[in-house]
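Welcome! Here is a guided look at a pair of protein chains, written for someone meeting a structure like this for the first time. Keep the picture in view as you read.

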Amino acid sequence: MAAVTEVPPPLAPTAPEKAPRKRGRWTPYWLLLPGILWLVVFFALPLVYQASTSVQTGSLEDGYKVTWHFATYWDALSEYWPQFVRSVLYAAAATVLCLLLGYPLAYLIAFRAGRWRNLIMILVIAPFFTSFLIRTLAWKTILADGGPVVGTLNALHVLDITNWLGWTSGDRVLATPLAVVCGLTYNFLPFMILPLYTSLERIDGRLHEAAGDLYAKPFTTFRKVTFPLSTPGVVSGTLLTFIPAAGDYVNADLLGSTDTRMVGNVIQTQFLRVLDYPTAAALSFILMAAILIMVTFYIRRSGTEDLV
Amino acid sequence: MAFVRWLKRHLVVIAGLLTLGYLLLPNVIVTVFSFNKPKGRFNYQWQRFSTDAWKDPCGVADMCGSLSISLQIAVWATIGATVLGTMIAFALVRYRFRARGAVSSLIFLPMAMPEVVMAASLLTLFLNMGAQLGFWTILIAHIMFCLSFVVTAVKARVMSMDPRLEQAAQDLYAGPVQTFLRVTLPIAAPGIAAGALLAFALSFDDFIITNFNAGSTVTFPMFVWGSAQRGTPVQINVIGTAMFALAVLFVLVSMAIGNRRNRQKA
C-alpha cells in the first residue's frame, strides 16, 4: 500500500521536492549509531564522571568515594575566584580586540581584495599548519625585554599608560597581562576572521550601491547596511574566540607570570600535578556551566538562535 | 589634503593589511630564527646566521619520534572522524528521525566547550576505567573532538546538493549503491575533503586535550611544550617553517590544478 501512495501522480506540478525518504526506516539510525555512540561514551559520559568526581572525598591512597561533598565547589570558588575573573576579563578583552582587528581584514577580503582574495585567504589560514605552540613562543622573541617592540612602546610613552592601567609593569611587556591578552588575540584571530568573512561575502554588493544612491555616506552605509547584515558572523566569531580563550592556559603559561594565571592553569595544575581530582573537577564544572550560561544568554540577546 | 582623502578611502585596506601583518609576524620570526645559532639553551635571541639546524633536522633527541607519533595519530583520527562524521552528516540532512534535536545538540556541544573541560572530564573517565593512558587514549580523544567539525563541514555541502540529481540517477536505473558511489559521493567530496583537512590540522596541532590524556606518550606539540621549559632547540623552528611552506605549496598547487581544469572545461 505504501508503495502505491509514494508514486507521484504523473504530470502533476512537482513542488521542489525534498530528498527521498522512502528506503529504510532504520537507515538513519545505522548511520548515526557509531558516531553518536562515540560522542556519548567519550564526551557525555565523561561529563557525568566529572560531576560525580567533584562531589567525592578521599585521597589518592585510600581511593575516592561519592559523599555529596558540595563544599568542594564553595572552597574552589572562594580560593580561585581571582583566576575565574581573570579568565573572563582576558577572554573578553581578546574577543573585543579580535573583532576590532579582524573586521577590517574580513571586509578587505570580502569586498576590496579583487584578485588577491585567494592569496590573502591562504595567508590567513596557513599559519594554522605551524604548531600554535611554536608560534606562541615566537611572541617571546617579539615582546622580549629591550627588544624593538618594547623600545618603541617605551619611547612613545605607551608603557607609561599601560603601567598606570596595571596591564604592564616597569619596562616589561613579557610576563604581564598585556602579553597574555596579545597572545590570546593572536591565537584566536582566524576564528573571528573566517565567520566574519563568510557572512560579509554573502552580502549583495548592490545593497552598497543602493545605499550610496540614497545619499548615504560610506560610514552610514557601513553602520546601517553592512554591519547589521554581518551580525551572524559577529556572533559566531565572538563565540568561537571567547570560549576557547576563556579555557586557555597555554598563553598564560608561556607569555605570562604567576600573576596572570587563568582558571585553565589551575585546572591543569590540580589535575596533573597536585592530583586533587575533586577540586579540579569542580573547577572544570564551574567553568563549563559559566560558559554555557553566558553563551545561551548571549545567543538569546543577539537573536540568532538558529546558529546550531 | 589629497593625502588625507587617500587615507580615508583606503583606511579599511590599511587596517586589514596591518592585521594580516600581525597574523604573519610570528611565522616570519619562526622562519628567521630557524637560521639562528643561539648561545645557551633557548632560541629567543638572535646571535648569528647558520644553517646547522636545517642540515640536521632530527639532531635533537626524541623530536622526530614525537613528530611521527603526531602524524600517525593525525592520520588515524582523520580517517575515524571523517567516516563517522560523514555518516552523521548524511543522516542529519537526508532523514527525519526521532531525537533529531538531541543529536544536533550532541554534535554542537563539543565545539562550544572549552578544551580544558573536555580534557579533564575525559581523564576522569579513563582514570575511573583504569585505562592505560597513551597512543590509544589520545586517538580516542582526537576522534571525539574532530567529529563535530567534520559533521559541520560535510553537512553544509550535502545541504546545498540538488536532490534531483540523485532522482535522475535512479530514473536512469542506477541502484542505490551505484547512485551513492557515482553521484552522491563525488558531489559531496569537497565537503568531505574540507572536513578531513580540518580534522587533520586540529588533531596534529592539539595540545590541551592531548596533554591531559597522553600519559607518557609524547606528541610533537607536547615536545614543544616540554622544550619551552627545558630549552628550545632550533630544529623546532625548522619543522615549523617546513610545515608552513608545505601547507602554502599544497594549497597553491591544488588551486593551480583546479584553475587548469576549469579552463579545460570552458
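## The annotated domain of chain B

An unreviewed UniProt entry gives residues 67–257 of chain B the annotation "domain: ABC transmembrane type-1". In this predicted model, that stretch is 82% helix and 0% strand, and its end C-alpha atoms are 29 Å apart.

UniProt also has "transmembrane region" annotations for chain B, again from an unreviewed entry: residues 12–35, 73–93, 105–127, 133–154, 183–204 and 234–257. Let's look at two of them. Residues 105–127 of chain B are 74% helix and 0% strand, with 27 Å between the end C-alpha atoms.

## Chain B as a whole

How many helices and strands are there in chain B? The count is twelve helices and zero strands, so the pattern along the sequence reads α-α-α-α-α-α-α-α-α-α-α-α. Chain B is more spread out than a compact globule, because its radius of gyration is 23 Å, well over the 18 Å that the globule rule gives for 266 residues.

Along the principal axes, the C-alpha atoms of chain B fill a box of roughly 70 × 70 × 40 Å. Of its 266 residues, 41% count as buried. Now take the contacts in chain B with a separation of 6 or more: residues 24 or more positions apart account for 77% of them.

## Chain A as a whole

The box filled by the C-alpha atoms of chain A, taken along the principal axes, is roughly 80 × 65 × 35 Å.

Of the 308 residues of chain A, 41% count as buried. Among its contacts between residues at least 6 apart in sequence, 68% join residues at least 24 apart.

For chain A, the "transmembrane region" annotation in UniProt (unreviewed entry) covers residues 29–49, 88–111, 118–138, 174–197 and 280–299. One of these, residues 118–138 of chain A, is 71% helix and 0% strand, with its end C-alpha atoms 26 Å apart. Residues 280–299 of chain A are 100% helix and 0% strand, and here the end C-alpha atoms lie 28 Å apart.

## Where the chains meet

The axes of helix 5 (residues 132–142) of chain A and helix 11 (residues 220–230) of chain B come within 9 Å and cross at roughly 25 degrees. Because angles under 35 degrees count as roughly parallel, helix 5 of chain A is roughly parallel to helix 11 of chain B. From helix 5 of chain A, the contact uses A:Leu133, A:Ile134 and A:Leu137, and from helix 11 of chain B it uses B:Pro221, B:Val224, B:Trp225 and B:Ala228. These residues divide into seven nonpolar, no polar and no charged.

## A buried leucine

Now find A:Leu287, in helix 14 (residues 277–302) of chain A. Is A:Leu287 buried or exposed? A:Leu287 counts as buried, because it has 26 C-beta neighbours inside 10 Å and the cut-off is 20 or more.

Leaving out residues up to four places away in sequence, A:Leu287 touches A:Gly247 and A:Val263, along with B:Pro114 and B:Val117.

## Two residues with positive phi

Most residues other than glycine have a negative phi. A:Tyr215 has a positive phi of about 65 degrees although it is not a glycine. A:Tyr215 sits in the loop between helix 9 (205–213) and helix 10 (218–229) of chain A, and counts as exposed because it has 7 C-beta neighbours inside 10 Å.

In chain B, phi of B:Asp62 is near 75 degrees, also a positive value in a residue other than glycine. B:Asp62 is in the loop between helix 3 (52–55) and helix 4 (63–94) of chain B. With 12 C-beta neighbours inside 10 Å, B:Asp62 counts as exposed.

How values were computed. Residues numbered from 1 in each chain as written. Chains lettered and ligands numbered in written order. Predicted model: local features only at pLDDT ≥ 70, side-chain atom pairs only at ≥ 80, totals over all residues. Axes fitted to C-alpha atoms, helices over the stretch in contact; angles between N-to-C directions. Helix = DSSP H or I, 4+ residues; strand = E, 2+ residues; numbered from the N terminus. Parallel < 35°, antiparallel > 145°, perpendicular 65-115°, else oblique. Contact = placed C-beta atoms within 7 Å. Nonpolar A, V, L, I, M, F, W, Y, C, P; charged D, E, K, R; others polar. UniProt positions renumbered as here; feature names shortened; annotations may be inferred. Rg over C-alpha atoms; globule rule 2.2 N^0.38 Å.
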